[in-house]
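Dear colleague,

I am passing on the structure below, together with some notes on what I found when going through it. Please read them alongside the coordinates.

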Amino acid sequence: MNESETVELIGGPFCHDKIDPGLIPTEDQVLTEHEREVLWQMFEEIGRCWENVFSPRRGVYDSSNLRSSWLEFIEAKTTHEPSYVAEYSNAVTAIEELVDLYGREDAHKRLFLENGIEMGPPLTRIAHAKRYVVDEFIRLQVVASGHKAFGGANYAGYIGGSRYTLSPRVRAYRPDKEQD
């Protein structure tokens, strides 16, 4: 696609619904198991789309070894302020609309790569899903395991250190020395 070509905004009525750009307010809302599962499937599709987290045993790109870290991330984002529960629920509904319109694989590909969302503040439900959920999940994929997959020179295994910040989480790059 040329820079001059524009992609039409994906989705249907729900995705195109206009909303304020700030976080969607959460009022005593909890994430359901169904919503968690839809979000997990999207996280897995991110790994497949960018061919991250290859599983030699299974011969596929598989994020299953990241599930516990992902669940901790979701727990933190939904039980502490600011809560992302409403953003996650919004994203699930948007994804379900996309899947109904385009099928599962094409829906995710369009959401990740060819979504027609304009730069700037997220002013539609699909833009919220992309900005507050998809983009964060992409960052999580990279932080949790993508250093090696994306060519990071200081990658010598999964993130080191403790979640309690007792030791550094990422090693410094030392080109002339063997990594720890």
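The protein chain has six helices and two strands, where helices (H or I, at least four residues) and strands (E, at least two) are DSSP runs, numbered from the N terminus. Along the sequence these elements follow the pattern α-α-β-β-α-α-α-α. The model is a predicted one, in which local features need pLDDT of at least 70 and side-chain atom pairs count only at pLDDT 80 or more, while totals for chains, interfaces and linings use all residues. Residues are numbered from 1 along each chain as its sequence is written, and side-chain values use heavy atoms, with hydrogens and water left out.

Of the 180 residues of the protein chain, 39% count as buried, a term that stands for under 20% relative accessible area, with exposed for over 50% and partly exposed for what lies in between (1.4 Å probe, protein chains only). The chain exposes about 11000 Å², of which carbon and sulfur atoms supply 51%; accessible areas come from the Shrake-Rupley method with a 1.4 Å probe, and for residues only the protein chains shown count as cover. Among contacts (heavy atoms within 4.5 Å) between residues at least 6 apart in sequence, 67% join residues at least 24 apart.

Leaving aside neighbours within four places in sequence, leucine 111 is in contact with Ile10, Met42, Ile95, Leu98, Ile126, Lys130 and Val134.

Helix 2 has 17 residues and reaches 24 Å from its first C-alpha to its last, close to the 24 Å expected at 1.5 Å a residue, the expected span being 1.5 Å times one less than the number of residues. Its buried residues include Leu39, Trp40, Met42 and Phe43, and also Glu44. What is the nearest side chain of opposite charge to glutamate 44? It is that of arginine 48, 4.2 Å away, and the buried glutamate 44 has no salt bridge, which would require a side-chain nitrogen of Lys or Arg within 4 Å of a carboxyl oxygen of Asp or Glu. For charge, Lys and Arg count as positive and Asp and Glu as negative, whereas His and the chain ends are not counted. Beyond its neighbours within four places in sequence, glutamate 44 is in contact with Asp62 and Ser63.

Some backbone features also deserve a look. Most residues other than glycine have a negative phi, and most peptide bonds are trans. Aspartate 28, in the loop between helix 1 and helix 2, has a positive phi near 50°, and this residue is exposed, with a relative accessible area of 84%. Just after helix 2, glutamate 51 takes a positive phi of about 50°. A cis peptide bond, with omega about -5°, joins glutamate 81 and proline 82, the latter lying in the loop between helix 3 (67–79) and helix 4 (85–102).

Proline 82 is also one of the contacts of leucine 23, along with Tyr84, Glu87 and Tyr132, once neighbours within four places in sequence are left aside. Leucine 23 counts as partly exposed because its relative accessibility is 31%.
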